[in-house]
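Time to open the notebook on a new protein.

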Amino acid sequence: MAFPPLDDPRLEVLVGWYAHAADLLADIMSRLLDTPIAARFPLFQRAQLILRQLQERTDRWATFNVRRFYEEADQEAVKILRRSNLGQFLTEGLDQEAIDAVTSGLLGPLEKARQSVEFQATKLFRSTSLASEFQSLALKARRNIPTGLTSGEEAIALEREIASSLRQIFSQNIVSILGSDGRRHRFGLDFYSAMVAQNVRAQAGATAAIIRARQTGHDLVRISPQKSLTGDWCDAYRGRVFSLSGTSPTYPWIGLIPNGGPPFHPWCRHSMSIFIPSLYSEAQQRAFAETQSRFLMRPNEKSPNRVIHNWNEAVKLESNPAPLRAL
Ligand SMILES: [Zn+2]
């Protein structure tokens, strides 16, 4: 599964480990499918060892790098605040609790991903019949089996068919995660680790900005102005300013935009920085306030679906304007 470029060598290191582990694990899983049950244990142990090493590397990587991501954004926030009269309220040191919270946003999902792989390896290790262990695959596989076989031949053909689907799944999308929509989603280990790490880096940046703003009693933050890679709905908020408390007479409350600000969605490249009005012209200050109300969620509205729908409609209209009617 291809994914956007990572633009940070630190992310590439982590994703490289996961990509390498994915290759080794796909090979082990494939060999488990060919190996009689009594001889499977060494293979299963090998899979467990790879996953354990991956966990240790992930833990070390996270302890070191999430702190760096946070620190970089923190320095940026401090620099901006020093240019205002709020610099006097700055304190030394980083908020360890905030860093820990962001770190667990990386460790939790990656642990789930590794557990899902281990769970599938366990199933292969113990299984005497793939058809009973992987019932939904068996259902699909049955359709590909020719009619007129004896029941013994049919069982063998079915096992072979399921094994071939599993080989494909393990080589491409070995991770199986239950989504918030209640459905299972499959990813490659490299894709999933890249998505999570990229998101956590963005999360570290946004958190550092918010914590510094709160510490100095500053209320305004600005979403980075660049266009998203794919013209996503988060472009509705790019370059706009929001109020953390919701008490600003000019700028909308940040709680009214999806996810409470960036990262808005997986792979979102938007960030958030401290906004000091006096550093901008009055025209800019006004322009930054102009988030259209149809792109703001209502207080207590849980899902961002309505505002995303509004954005998609607006984009459609723009690229496909209604034809001029003849007079
Ligand atoms: Zn974005």
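This is a predicted model: local features need pLDDT of at least 70, side-chain atom pairs count only at pLDDT 80 or more; totals for chains, interfaces and linings use all residues.

I looked up burial to begin with: of the 327 residues of the protein, 33% count as buried (20 or more other C-beta atoms lie within 10 Å of the residue's own, with C-beta atoms placed from the backbone).

Residue numbers run from 1 along each chain as its sequence is written.

Next I checked the secondary structure, and I got nine helices and five strands (DSSP runs numbered from the N terminus: H or I of at least four residues for helices, E of at least two for strands). The radius of gyration, taken over C-alpha atoms, is 25 Å, well over the 20 Å from the globule rule for 327 residues, so the protein is more spread out than a compact globule. That rule is 2.2 Å times the number of residues to the power 0.38. I also noted the box that the C-alpha atoms fill: roughly 80 × 70 × 30 Å along the principal axes.

Then I picked out a sheet. It is open, has three strands in the order E4-E3-E5, and its pairing is antiparallel (strands pair if DSSP finds at least two bridges between them). At the edges I found E4 (241–243) and E5 (272–274), each pairing on one side only.

Last, I zoomed in on E3 (residues 220–223), which pairs with E5 over three bridges in the antiparallel sense. There, Val-221 stands opposite Ile-274 in E5.

Methods: A residue is buried if 20 or more other C-beta atoms lie within 10 Å of its own, exposed if 12 or fewer, and partly exposed in between; C-beta atoms are placed from the backbone.
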